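Thanks for coming. I will go through one model today, chain by chain, and then look at where the chains meet.

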Amino acid sequence: MKKLIKLLIVISSLIMLSCGLDRSNPLDPAGSHINTPKKVTGIDLSSSGQGAIDKFVVISWTPLPEGDANGYFIYRSRSYDGTFDLIAEIRNREESLYTDNYKIVTGPYFYKMSAFVYLDEDNPNDNERLEGPLNRPGKAGIVVPQ
Amino acid sequence: MKKSIKTISLIICLIIIFIQLPAQGFDINKFSDPKKYGWDDYNDRAEYRKDLGERQELLQLYEIRTKSITYTMAKSAIFPGWGHYSIGAYSKGHTFLTGGVVLAGAGLYFYSRSQDYYKQYKNASQIDVINSNYDKAEQNYNTSMIFLAAYVILWGYNLYDSSESTERYNAELWNNLMNKRFDNVSLTPTGIEVRF
């Protein structure tokens with residue numbers, strides 16, 4: 001009896017060890033040759049001044065070196081922990097500035113940024129790109145004045 | 001030529017038979033002993049026949065009520081505990097059935113969760129989402145494997161125990177039948193019952 005139970009435990013353990021979940025996502029760096037994009041740093045925010053009719057927020061950052069990114073994503077939210085919506089895709093790695101003037105009104109705005117790399121840099125495809133870790137600007141957000 | 005072969009084989013057979021006969025030690029006295037079965041008179045013989053008839057009846061009853069080990073094990077293999085129910089071991093049946101349902105249910109629940117996270121992992125394109133979903137999928141998958149392994153152990157033990165319990169059930173059945181046969185006086189809810 002004890003032998004039978006031991007045998008069953010061994011068989012079950014072997015089954016458990018032999019089975020596992022494959023890292024089958026082609027964009028997973030642990031399962032493919034793709035490099036993880038680096039975190040975007042040096043993010044800074046500035047806004048249009050007092051009394052401006054067309055209000056805007058300027059986001060600037062330090063461009064990542066070649067090989068670490070192919071472009072950037074910019075997200076925006078009206079609250080610190082709210083839902084961040086994608087507002088821009090910048091396909092130029094050397095870019096370091098973006099002006100957000102889409103429906104900007106008086107009030108606080110919060111941003112996040114990330115970099116991305118294409119799975120195949122020679123044939124860039126928007127459906128096959130890996131997005132890196134998200135990062136916030138040095139200051140939490142910016143208040144656009146009236 | 002053929003005739004000579006036949007004759008030789010016949011002689012060999014006869015020799016073998018004659019050699020074997022004394023070896024068996026045929027006892028003519030024992031063979032002709034009228035008391036060899038322990039019967040002193042006709043009544044003894046009649047009693048013996050009656051006893052034999054009763055035993056044959058018991059055997060028939062036993063064969064009707066006995067359970068096949070293969071049959072109970074097959075039932076237990078389909079649903080843990082089912083074999084135990086068929087031999088009246090309800091407590092064990094409940095335990096195995098409940099244990100089986102709980103372990104298999106938990107295993108399938110965690111497996112299903114792991115597959116949900118795995119789908120999200122496969123569709124993700126952001127590194128944090130990829131890692132987070134893969135970790136959750138793996139964690140749920142491992143948990144499901146632990147429950148399913150425990151289910152396999154329970155299932156195996158249930159099979160083993162159904163075989164053992166059926167053997168015990170059959171032995172007890174025979175003993176009960178024998179006891180009932182010899183137990184002519186029994187206490188019933190309506191009083192004392194004496195069977196002749």
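This is a predicted model: local features need pLDDT of at least 70, side-chain atom pairs count only at pLDDT 80 or more; totals for chains, interfaces and linings use all residues.

Chain A has one helix and eight strands. Of the 146 residues in chain A, 22% are buried. If we take the contacts in chain A between residues at least 6 apart in sequence, 64% of them join residues at least 24 apart.

Now chain B. Here we have seven helices and two strands, and the order along the sequence is α-α-α-α-α-α-α-β-β. Chain B has 196 residues, and 20% of them are buried. Among its contacts with a separation of 6 or more, 59% are between residues 24 or more positions apart.

Next, the interface. How many residues of chain B are in contact with chain A? There are 20, and they meet 20 residues of chain A. On the chain B side, helix H6 (90-123) and helix H7 (127-182) each supply at least two residues. The largest share comes from H7(B), with 14 residues. Sorted by class, the chain B side of this contact has 14 nonpolar, three polar and three charged residues.

The largest nonpolar core has 39 residues, and the members that touch the most others are Tyr72(A), Met113(A) and Tyr121(B). Which elements each supply at least two residues of this core? From chain A they are strand E2 (57-62), strand E3 (71-77) and E6, and from chain B they are H6 and H7. H7(B) gives the most, twelve residues. As general background, nonpolar side chains in soluble globular proteins tend to be buried together.

Let me stay with Met113(A) for a moment. Leaving out residues up to four places away in sequence, Met113(A) touches Val40(A), Ile43(A), Trp61(A), Tyr72(A), Phe73(A), Ile74(A) and Asn135(A). One of these, Tyr72(A), was also on the list of core members with the most contacts.

Last, a backbone detail. Lys103(A) is not a glycine, yet its phi is positive, about 50 degrees. In general, most residues other than glycine have a negative phi. Lys103(A) sits in the loop between strand E5 (97-100) and strand E6 (107-118) of chain A. Is Lys103(A) buried or exposed? Lys103(A) counts as exposed, because it has 7 C-beta neighbours inside 10 Å, and the cut-off for exposed is 12 or fewer.

That is what I have; questions are welcome.

Terms used
Residues are numbered from 1 along each chain as its sequence is written. Chains are lettered from A and ligands numbered from 1 in the order in which they are written. Helices (H or I, at least four residues) and strands (E, at least two) are DSSP runs, numbered from the N terminus. Two residues are in contact if their C-beta atoms, placed from the backbone, lie within 7 Å. Ala, Val, Leu, Ile, Met, Phe, Trp, Tyr, Cys and Pro count as nonpolar, Asp, Glu, Lys and Arg as charged, and the others, Gly among them, as polar. A nonpolar core is a set of buried Ala, Val, Leu, Ile, Met, Phe, Trp, Tyr and Cys residues joined through C-beta atoms within 7 Å.
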